[in-house]
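Dear colleague,

I am passing on the structure we spoke about, together with my notes on what turned up in it. Please look it over before reading further.

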Amino acid sequence: TSVLSIVHRATGVVLSVGSVLLVGWLVAVAAGGDRYAVADALVRSWLGIVLLLGWTFALFYHLCNGIRHLVWDMDFGFELRSIYLSGWIVVAASIILTLATWTIGLGLME
């Protein structure tokens, strides 16, 4: 559970940095021309894809773990077995949602 707590905080940082990069991309879109071409090249590079994949996972992990914490706030799921089970559910759901998002997204690009 401590690892999941640390990862939750780390994904919050990743989401913050990713949001700044998203704003930079939007500024490049608004600027048009050369700036957009540079931003587009970065997003389509292997580094850009890895960053987007990580940002997507961070988004879903942070969301799922936030829901887990909301359930805890309602005073449910504090038995040790439930805590471990919900942790694994958060990890599995994050991976499944990330893969589903990327599968749908790549499918729409074709």
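Which residues in α4 are buried? This is a predicted model, and in it the buried residues of α4 are Ile83, Ser86, Gly87, Val90, Ser94 and Thr98. They pack against α1, which covers residues 2-31, and against α3.

Helix α3, residues 46-73, packs on helix α4, residues 80-109, at an angle of about 145 degrees and with the two axes 9 Å apart, and the crossing in which α3 passes α4 is right-handed. From α3, the residues that take part are Ile49, Leu52, Leu53, Thr56, Phe57, Phe60, Tyr61, Cys64, Asn65, Arg68 and Trp72, while those they meet in α4 include Ile83, Gly87, Val90, Val91, Ile95, Leu97 and Trp102.

As for the helices themselves, α3 has 28 residues and reaches 40 Å from its first C-alpha to its last, close to the 40 Å expected at 1.5 Å a residue.

In α3 the buried residues are Gly48, Thr56, Ala58, Phe60, Tyr61, Cys64, Asn65, Arg68 and Trp72, and what covers them includes α1, α2 and α4.

The loop between α3 and α4 holds Asp75, which has a positive phi near 70 degrees although it is a residue other than glycine. For comparison, most residues other than glycine have a negative phi. Asp75 has a relative accessibility of 60%, and because exposed means over 50%, Asp75 counts as exposed.

Finally, a search of the whole structure finds one salt bridge. Asp40 forms this salt bridge with Arg44, and the closest N and O atoms are 3.0 Å apart. Both residues, Asp40 and Arg44, lie in helix α2, which runs over residues 33-44, and they are four residues apart, about one turn of the helix. An α-helix has 3.6 residues a turn, so residues three or four places apart point the same way. Arg44 counts as exposed because its relative accessibility is 55%.

Methods. Residues numbered from 1 in each chain as written. Predicted model: local features only at pLDDT ≥ 70, side-chain atom pairs only at ≥ 80, totals over all residues. Heavy atoms only, no water. Axes fitted to C-alpha atoms, helices over the stretch in contact; angles between N-to-C directions. Helix = DSSP H or I, 4+ residues; strand = E, 2+ residues; numbered from the N terminus. Left-handed = near helix turned anticlockwise from the far one by under 90°. Contact = heavy atoms within 4.5 Å. Buried < 20%, exposed > 50% of the residue type's maximum accessible area, 1.4 Å probe, protein only. Salt bridge = Lys/Arg side-chain N within 4 Å of Asp/Glu carboxyl O. Expected span 1.5 Å × (residues − 1).
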